[in-house]
Amino acid sequence: MKRVHIMVLDSFGIGASQDAVKFGDVGANTLGHIAQYCAQGKADIKRSGPLTLPNLTRLGLINAATQSSQGEVPQGMAQANQPIASYGYAEELSSGKDTPSGHWEIAGVPVLFEWGYFHDKTQSFPDSLVQDFIDRAQVPGILGNCHASGTEILSELGEEHMRSGKPIIYTSGDSVFQIACHEDSFGLERLYELCAIARELVNEYNIGRVIARPFIGADAAHFERTGNRKDLAVAPPSKTVLQKLKEADGEVISIGKIADIYAHIGITEKHKANGLAALFDKTLAVIDTAADRSLVFTNFVDFDSSYGHRRDVAGYAAALEYFDTRLPELLSAVGPDDLLIFTADHGCDPSWPGSDHTREHIPVLVYCKNREPVNLGLRHSFADIGQTVADYLDLEAMDYGTSFLGQMTPLSA
Ligand SMILES: O=P(O)(O)O[C@H]1O[C@H](CO)[C@@H](O)[C@H]1O
Ligand SMILES: [Mn+2]
Ligand SMILES: [Mn+2]
């Protein structure tokens, strides 16, 4: 039984890529800086000491990270002598460092065009767009209209939103139009309606995603975003490996926000879950029963949304350590001919200025019980993952990426 499982640790970069200069991200390193803060005792909130990731280390994470960071070993950590997975790191071909670009490229479809962005930090949206939105959505006005951190803007404007019924609209360094509304006072379905309207309106600006950001709580001190976030993405520009597998009668099982990111194209089954623990539990349950020729695809969003964008180093470290404690369950859940891939979609260095993503290499760790673990080195596109999936599941080749399957010799051969 041949299956592939892709685990995206959203935002888990392992070192700035060569083109980071174009993004102002030279020196960014999500893992490297988390390890450094931990080793220096600067991330001792609800955890303590050096970053402890024994299972990811066994898989070759630190070997990959060291290669990705010009030979610098993440502080307080050590490379494995003989990693049990094939390990490497990949640079991104896509022009942006956003979530859809990263995921689509993983699926063999890099984004070679430029997304539209709302560059202005305040009064970010064109007047005509705001007016059209107000008219079509029939709201009394909007709040925000700026670049913002999604949690900070709730503290600033959440109460006014509840009083006025005006939705909070904001953007970021990503190609996004985000709408935050209170689930109870404004209503979740109404928020989704607004997002559907916005999706139509921002198409002409070439915006990648409209995102519903619902929240709850009585006042600024208690506002909390809920798991009812919804991402409305445009369709990938060409067929992803997900679509190819679906068309070849394979199963493509989305866990978390994967289906949203691919605009629900090429998916045969979807499961939502909130939080790392629930996403992990769901992944294990799905792998337990997934058929031959399945792709089980999970996005662990919390690394990015709860810790990376929040610039919460200790929180990110604790989340990684938690994830690591669950890995043995995953390693024993996979069959002898399953490929279990751990990777990321971009960086989001929690020690970096601002609150945006960082242009980084992603880890590529490929665990397969029946294959020789090898050093996969630098991969020139995230699309190497998609091409490998196509190769492994006998699908038509992707236009981008180089399969690394041939480097991983079958042990039983
Ligand atoms: O600050 P929050 O609302 O988490 O928003 C972040 O999440 C968006 C989508 O991943 C990014 O573009 C960034 O703006
Ligand atoms: Mn992401
Ligand atoms: Mn993000």
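Mentor: A residue is near a molecule if its C-beta atom, placed from the backbone, lies within 6 Å of it. Around ligand 1 these residues are Thr99, Ser149, Gly150, Ser172, Asp174, Val176, Gln178, Ile211, Arg213, Ser305, His309 and Ser355. This is a predicted model, in which local features need pLDDT of at least 70 and side-chain atom pairs count only at pLDDT 80 or more, while totals for chains, interfaces and linings use all residues. Residues are numbered from 1 along each chain as its sequence is written, and chains are lettered from A and ligands numbered from 1 in the order in which they are written.

Trainee: How many residues of each class does the shell around ligand 1 have?

Mentor: Ala, Val, Leu, Ile, Met, Phe, Trp, Tyr, Cys and Pro count as nonpolar, Asp, Glu, Lys and Arg as charged, and the others, Gly among them, as polar. On that basis the shell has 8 polar, 2 nonpolar and 2 charged residues. Strands β5 (176-182) and β6 (209-216) each supply at least two residues of it; strands (E, at least two residues) and helices (H or I, at least four) are DSSP runs, numbered from the N terminus.

Trainee: In what order do the strands of the open sheet follow one another?

Mentor: Strands of a sheet pair through backbone hydrogen bonds, either parallel or antiparallel. Here 8 strands run in the order β10-β9-β11-β1-β12-β13-β2-β14, with mixed pairing; two strands pair if DSSP finds at least two bridges between them. Strand β9 (residues 251-255) runs parallel to β10, joined by 3 bridges, and Ile253 stands opposite Glu269 in β10.

Trainee: Is helix α3 mostly covered or uncovered?

Mentor: A residue is buried if 20 or more other C-beta atoms lie within 10 Å of its own, C-beta atoms being placed from the backbone. In helix α3 (residues 61-68), 8 of its 8 residues are buried, and the helix is mostly covered. These buried residues pack against elements including α1 (30-39), β2 (86-90) and β14.

Methods:
Buried ≥ 20, exposed ≤ 12 C-beta atoms within 10 Å, placed from the backbone. Contact = placed C-beta atoms within 7 Å.
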